[in-house]
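Me: I have not seen this structure before. Please show it, and then take some questions on it.

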Amino acid sequence: MTYLHNIGAYFIMIKDMFRKPTRWSVMKGLIFKEIDDLIIGSMGIVAFISFFVGGVVTIQTALNISNPLIPKYLVGFATRQSVILEFAPTFISIIMAGKVGSYITSSIGTMRVTEQIDALEVMGINAINYLVFPKFVAMMFYPFVISIAMFLGILGGLAACVYGGFTTVEDYVRGVQEDFIPFHMAYAFIKTFVFAFLLATIPSYYGYFMRGGSLEVGKASTTAFVWTSVAIILSNYLLTQMLLS
Amino acid sequence: MIEVRDIHKSFGDTEILKGISTTFEKGKTSLVIGQSGSGKTVFLKCLLGLFTPEKGQIIYDGQSYTDLSPDQKRTLRSEMGMVFQGSALFDSMTIGENVMFPLRMFTKQSMSEMQDRVNLVLKRVNLADAQKKMPSEASGGMQKRVAIARAIVNQPKYLFCDEPNSGLDPRTAIVIDNLIQEITDEYNITTIINSHDMNSVMEIGEKIVFLKDGVKAWEGSNATIFRTENEAVTNFVYSSELFKKVRRMYQEENE
């Protein structure tokens, strides 16, 4: 019953997010602030992880290709496919569920605990629109983060390849260009938009509807991370089934 | 004027408010007092529309809150000012931005007009120089004064204060009490204060509603509370040694 209640309340929150909009002059500032916090503020960690995980994927692939009949450029091909199809959209989104998700839940949850949300409601402001909508809009720039993650993942693979002596730059670049299917990029970005929506709204839900004190803010952040990750993994499976099979 | 008619509010199986009726008049400072757990905060949150009573009516100048559409409720709420127990200042904004917030949300004033109004109310609460500070840099008493400034900046018809001087030293508490009363007189608004502070009762209690276990146990003013024989009130009022002593002196003077 609790699950059904939460799912129902979540969709009501989504509906309320678009009702009674906050004045544009105020909303504009909130959106820019959220872009700074959620998107720009995540670039560093995303860049770091993407570069090194791209390198690890390349090393693992190269080490597992022992058959001399398999061409060396396959390392670049495997890295590109892994990074574009799964690593950048899905793996980075799980990391973002921890980083951005916990930030969203704790910031909104703290506002709940300190009665700042009550203050907004008493003033007659649609607090859900005021707090959640800017995060939703900011997260629509999330595909930009994933583009950077894709680029740096492949670049990290190149660096690992060259400095590890697994293959030449030419072979790696050839592999990256081999059998490129443009729809795979579309698939990756469709997934990214869905994940961005989940990343903005599920943590907001857990922050907005939390009850209790500072301890509960921590618990709500953890719960939000768990359920955002579950939603990302499930939607990843469904989208892959729908779009690629 | 706010009229409360027989309101009931429960959480699960626990009934918190058990049929409270009273009126709060315009231009008067009314206090809702009672022990912790007596239902004061729930009562105030029902008045603010943050909780919906299961039964009963709350009437704001002839308009029943329960009969209003969601948009009408929001409009009514924009005419309310609230000072929360913990001040509830937006910690991402400066003090000046906090006070300007209701103006930015509800008025079409230019930035200079809004700034003039902010300067005026901050001056009114003796915080003219604190505009650029963040709430975390302000003391408890300053935060309460900022909360009062934010509550009155949009010239509300109703002002609600939840324990406005909790956590403050007695001197600052008196300053806050007097400030609220002066503002009530000056702007002719309906002010309701939740408190369990007997100093506030003596200073500003033009009307007092005493709650006990979710019912209205007594109603009067600061002029009558020390004469009442109501046992629940006397147990509350004279729970401290200081007030017991005051009562003995008062009785001796009258004998």
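This is a predicted model: local features need pLDDT of at least 70, side-chain atom pairs count only at pLDDT 80 or more; totals for chains, interfaces and linings use all residues.

Me: Which element of chain B has the lowest mean pLDDT?
Reply: pLDDT is the predictor's confidence in each residue, from 0 to 100. Its mean over chain B is 88, and 100% of the residues reach 70 or more. Among the elements, which are DSSP runs numbered from the N terminus (helices are H or I, at least four residues; strands are E, at least two), strand 1 (residues 2–11) of chain B has the highest mean, 93, and the lowest, 77, belongs to helix 9 (residues 241–254) of chain B.

Me: What is the radius of gyration of chain B?
Reply: Chain B has nine helices and 10 strands. The globule rule, 2.2 Å times the number of residues to the power 0.38, is compared with a radius taken over C-alpha atoms. For 255 residues the rule gives 18 Å, so chain B is as compact as a globular protein of that length, with a radius of gyration of 19 Å.

Me: Why does F84(B) count as buried, and which residues does F84(B) touch?
Reply: F84(B) lies in the loop between strand 6 (80–83) and helix 3 (95–106) of chain B. A residue is buried if 20 or more other C-beta atoms lie within 10 Å of its own, exposed if 12 or fewer, and partly exposed in between, with C-beta atoms placed from the backbone; F84(B) counts as buried because it has 22 such neighbours. Contact means C-beta atoms, placed from the backbone, within 7 Å. Not counting residues up to four places away in sequence, F84(B) touches E115(A), D118(A), A119(A), A147(B) and D162(B).

Me: Which helix gives the largest share of the side of chain A that touches chain B?
Reply: The contact takes 12 residues from chain A and 15 residues from chain B. Five residues of the chain A side, its largest share, come from helix 5 (residues 116–122) of chain A.

Notes. Residues are numbered from 1 along each chain as its sequence is written. Chains are lettered from A and ligands numbered from 1 in the order in which they are written. Two residues are in contact if their C-beta atoms, placed from the backbone, lie within 7 Å.
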